[in-house]
Amino acid sequence: MDSLTQIVLGAAVGEATLGKKVGNKAMLWGAIAGTIPDLDVLSKLFVDNVTANELHRGFSHSILFSILAAPLFGWLISKLYKNKEANWKDWTKLMFLGLFTHPILDAFTTWGTQLFWPFDYKVAINNIFVADPLYTIPFLIFVIIAMFYNRTHSKRRKFNNLGLYISSSYMLITLILQQNARANFSNNLDNQHIQYNEIQTRPTPLNTILWTANIETKDSFLIGYYSFLDEDEIIDFAEFPKNHHLLDTMKKEPLIPRLIKLSEGWYTIEKVDDSVYFNDLRFGTLGIGADASRFVFSYELYYDDTGELKAKERERDMGEASPLLKKLFTRVLGNKS
């Protein structure tokens, strides 16, 4: 999830764990704990894009990291305050829960989280977008309200818990919505007599009303959209040929299996003029339907001066964000045109 959401979750967990003993210090350190796992993004300063994406949500997002790091952070915090309100075990518990709930929340999104590192398995439930105001804003409001009450005041805990209950309930609702959307996609595929191997369903940005699905067929991938506000339930699917043959001799390069593993097999190859692009389909396209010009995550494949195959992430034009969001909102409301 986005940084703000992880900070809010960490603060709420910190308050629930130790707020009665140390007040807003619990929220502060809970928020810090909720931020720490995402420091793995700093790897982009030292390694190439592909390696950085491979490392993201790896060790720092694992159960093992939470177990190993929590006692260390707990000990450092206990030395910092040196008071009897909370001891090393208290701070260790707070840090563990703050560190551990971060990857648990991330596991509900699309990227994939290596909870069980060093085992090579990613958890990606795909039922919530990385930023969802309906999850974050109510949560944030109740955490802020709780901050202004004395640490021993009963309303402080009530408001904090209310935020936790509402956010958790919303998360459960998104799982139900996901299954309903998936059933609709499956029914449409059957009604249109489309044979497919696999289907992946996820919400579109910032909401859980409009859903999209990636569908793998023999030679191509299909992408469709369905809003719970659509007047009819007929879904049009856009087709994207796999074009894996365009890799040609690049297939033998060690970089290609890494990209295929990173995309979990959801990829197409695209040739534009003399450039070859590897498209990761898991995060959808920039635009909807006829406006889907290209994919959110795409790598240009090229050979450097030494003859080694490299992958450069295609830049995104941030100037396109505003019109794309307007079109997204229109489609959320059920407007297919």
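Where does proline 118 lie? Proline 118 lies in the loop between H5 and helix H6 (133–147), where helices (H or I, at least four residues) and strands (E, at least two) are DSSP runs numbered from the N terminus. The model is predicted, so local features need pLDDT of at least 70 and side-chain atom pairs count only at pLDDT 80 or more, while totals for chains, interfaces and linings use all residues. Residues are numbered from 1 along each chain as its sequence is written, and side-chain values use heavy atoms, with hydrogens and water left out.

View 1. As background, most residues other than glycine have a negative phi, and most peptide bonds are trans.

**View 2. The packing of helix H1 (residues 3–22) against helix H5 (residues 88–106).** The two helices H1 and H5 pack at an angle of about 155 degrees, with their axes 9 Å apart; axes are lines fitted to C-alpha atoms, for helices over the stretch in contact, and angles run from 0 to 180 degrees between N-to-C directions. That angle makes H1 roughly antiparallel to H5, because angles under 35 degrees count as roughly parallel, over 145 as roughly antiparallel, 65 to 115 as roughly perpendicular and the rest as oblique. H1 passes H5 in a right-handed crossing (left-handed if the near helix is turned anticlockwise from the far one by less than a right angle, right-handed if clockwise). The contact (heavy atoms within 4.5 Å) includes Leu9 and Val13 of H1 and Leu94 and Leu97 of H5. By class, eight nonpolar, seven polar and four charged residues take part in the contact of H1 with H5; Ala, Val, Leu, Ile, Met, Phe, Trp, Tyr, Cys and Pro count as nonpolar, Asp, Glu, Lys and Arg as charged, and the others, Gly among them, as polar.

**View 3. The crossing of H1 and helix H2 (residues 24–35).** The axes of H1 and H2 come within 6 Å and cross at roughly 145 degrees, and this crossing is right-handed. Among the residues in contact are Gly10, Ala11 and Gly14 of H1, together with Met27, Gly30 and Ala31 of H2. The contact of H1 with H2 has seven nonpolar, eight polar and two charged residues.

**View 4. The crossing of helix H4 (residues 63–81) and H5.** Here the axes of H4 and H5 come within 7 Å and cross at roughly 140 degrees, which makes H4 oblique to H5. The crossing of H4 and H5 is right-handed, and its contact residues divide into 16 nonpolar, four polar and no charged.
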